[in-house]
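I opened the notebook to record what I looked up in this structure, going entry by entry.

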Amino acid sequence: MPELRFEMPSNLPELAECLAGAGDDTRLLGGGTDLLLQLPALRFQGTTLIDLSGMRELSEMRFEKDVLEIGANVTYARIAQDPFIRSRIPCLAAMAARIGSPQIRNCACLPGNLVNASPGGDAIGTILALDARVRLLNGAGAIRECAIDELVLGIGKTSLSRNEAIIGVRIPIPASPWNAYGKIGLTPRREVIIANVSLTMVFEITEPDRRIRAARMVLGSTSPRAHRVSSAEALCVDQVPSSELAREVAEALKRDVAGTIGANPAFQHKLNDVRGLALDLFHELFALEL
Amino acid sequence: MRLDFTLNGAVLSLDIDPGLRLIDLLRDVLDMTGTKEGCGEGECGACTIILDGVAVDSCMVMAMQVRGREVLTVEGLEQKGELDELQRAFIDSGAIQCGYCTPGMLMSAKALLMRTPEPTEHEIRSAMAGNLCRCTGYLKIIQAVQKASQMQSAHHA
Ligand SMILES: Cc1cc2nc3c(=O)[nH]c(=O)nc-3n(C[C@H](O)[C@H](O)[C@H](O)COP(=O)(O)OP(=O)(O)OC[C@H]3O[C@@H](n4cnc5c(N)ncnc54)[C@H](O)[C@@H]3O)c2cc1C
Ligand code: FES
Ligand code: FES
């Protein structure tokens, strides 16, 4: 049996060198919480793992003007606990706090979720709702940026080439903290749940009239990849948050889900889930009576 | 492949198969079988160890990833022949039945108490949410962690 090979770059030039030599049997190892489930096959194939854990520079969070760059090695635990993220980008903190278990959150990072490209991948939806972009390094040492919907193409499919690695996720800092995330899981366990439906709402609201200027709403786990629901977003523009608006948005989201799941009886419960989730998030953000 | 790391305070330098997970290294190479494997896929927490101060599932970490880092396992809780207060509290509270989940429970609880010496019940429940127990019903485990926290506070007062 061929041996699994392990490469351990400690900085970007070394990572670029590893990427330059990457073949079809090379995989990047982030937190390992998706990849290690495939370990028997990876061992059997004599895969080369490029382990990112020794790259200190990818463990940083950096602020540049209005953008927060989260390094590829920053764990969900750190995102969930970060005071700035909790106060300004609460949807991101809430999403991170509900990934897996404490043990998983202490290892797992954003890029692995994006590249794994599962329909139930929670980070994909929230990152899309925040209009974030990923920074990619290639084997020639060049860096490019790419939007989430250009990266994640479908179930398990991305536009990443085998000579590229995500080195960071760049998130435009919302002007105001009117954003929230929620998910309803498949099992009764409170933690370690795969989303049945997840929803991220990001509002741009002007004070003092408290009018919604723009909204981004992303549903996860209801279609092959997380997607924006423009019909629900459009309802919010130039409106003041109200119970009536919340109900209209909930119905629009429900219609969107009905369109994607069709008549499949196994998925009909998602209709009520998405409605409830939408009302919950409106309540959480605007303390409305619903 | 060469692997240098610290295990329960001792610096180790080993030559290992890079295809091993941390749990394989602990149990099969180092014969430290205190850490248990339940599901092997991050769901049950039986394999929990503390890596650089935080709880992780050792079935979800490649052995080579702990290079230069500090690993604490259940074997490292005992100090100078004395059980850790947490271990004592688990025994005294009847928090152990078959015992299979216990090493993982202890390590999740230890990681919590290292960071938050006087946790609330909610904090305890959250910290232990990645550990499954099919015997105890959890209540006595939570009480044991509360008891250990009180013992530690009394000790340091
Ligand atoms: C018990 C358990 C519970 C979980 N709960 C959830 C949950 O609630 N919600 C959820 O969405 N997911 C969940 N997951 C899945 C997983 O934790 C996430 O998808 C996580 O974000 C994966 O990140 P990672 O760093 O562990 O990736 P890895 O496992 O290291 O990698 C995953 C994939 O991404 C690639 N990759 C990793 N890093 C990079 C990089 N920097 N550049 C390019 N490619 C890269 C790898 O090659 C691999 O193909 C759970 C997993 C487990 C085991
Ligand atoms: S054996 Fe590692 S989490 Fe179950
Ligand atoms: S005591 Fe048996 S699994 Fe917890």
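**A glutamine at the interface**

I began with a side chain that reaches across, and found that A:Gln103 makes a polar contact through its side chain with the side chain of B:Ser108, at 3.3 Å. I note at once that the model is predicted, and that the distances here are computed from it. A second polar contact joins the side chain of A:Gln103 to the side chain of B:Asn131, at 2.9 Å. I placed A:Gln103 in helix 6 of chain A, which covers residues 102-105.

Is A:Gln103 buried or exposed? I looked up its relative accessibility, which is 1%, and because buried means under 20%, A:Gln103 counts as buried. I then listed what surrounds A:Gln103, leaving aside neighbours within four places in sequence, and its contacts are B:Gly45, B:Thr48, B:Ala55, B:Val56, B:Asp57, B:Ser108, B:Gly130 and B:Asn131.

**The interface as a whole**

I next turned to the two chains together, and found 30 residues of chain B in contact with 27 residues of chain A. The area buried between chain B and chain A comes to about 2300 Å², and carbon and sulfur atoms give 58% of this area. On the side of chain B, the residues that lose the most area to chain A are B:Met60, B:Gln65 and B:Arg67, which together make up 25% of what that side buries.

How many salt bridges are there between chain B and chain A? I found the count to be two, and I wrote down the one in which B:Arg67 pairs with A:Asp51, where the closest N and O atoms are 2.7 Å apart. For polar contacts across the interface of chain B and chain A, the rule finds nine residue pairs, with both residues at pLDDT 80 or more.

I also asked which elements of chain B supply the side that touches chain A. Strand 4 (54-57) and helix 4 (121-127) of chain B each supply at least two residues of that side, and the largest share, four residues, comes from strand 4 of chain B.

I moved on to the loop of chain B between strand 5 (70-72) and helix 2 (85-92), where B:Leu83 lies. B:Leu83 forms a nonpolar patch on the surface with B:Ile91 and B:Ile96, and the accessible area of the patch is about 230 Å². I recorded B:Leu83 as partly exposed, since its relative accessible area is 34% and that class runs between 20% and 50%.

B:Lys80 lies in the loop between strand 5 and helix 2 of chain B as well.

**Backbone details in chain A**

Phi of A:Ala287 is near 45°, which I also noted as positive in a residue other than glycine. I found A:Ala287 in the segment after helix 12 (269-286) of chain A, where, at 62% relative accessibility, A:Ala287 counts as exposed.

Which peptide bond did I mark as cis? I marked the one from A:Glu207 to A:Pro208, whose omega is near 0°, and I placed A:Pro208 in the loop between strand 12 (195-206) and strand 13 (211-220) of chain A.

Terms used:
Residues are numbered from 1 along each chain as its sequence is written. Chains are lettered from A and ligands numbered from 1 in the order in which they are written. This is a predicted model: local features need pLDDT of at least 70, side-chain atom pairs count only at pLDDT 80 or more; totals for chains, interfaces and linings use all residues. Side-chain values use heavy atoms; hydrogens and water are left out. Patches are made of residues with over 30% relative accessible area and no salt bridge: like charges are joined within 9 Å, nonpolar side chains (Val, Leu, Ile, Met, Phe, Trp, Tyr) within 5 Å. Accessible areas come from the Shrake-Rupley method with a 1.4 Å probe; for residues, only the protein chains shown count as cover. A salt bridge is a side-chain nitrogen of Lys or Arg within 4 Å of a carboxyl oxygen of Asp or Glu. Buried means under 20% relative accessible area, exposed over 50%, partly exposed in between (1.4 Å probe, protein chains only). Contact means heavy atoms within 4.5 Å. Buried area is the accessible area (1.4 Å probe) that two parts lose on being put together, summed over both. A polar contact is a pair of N or O atoms within 3.5 Å; within protein, one must be able to donate a hydrogen and the other to accept it, and residues adjacent in sequence count only if both atoms are side-chain atoms.
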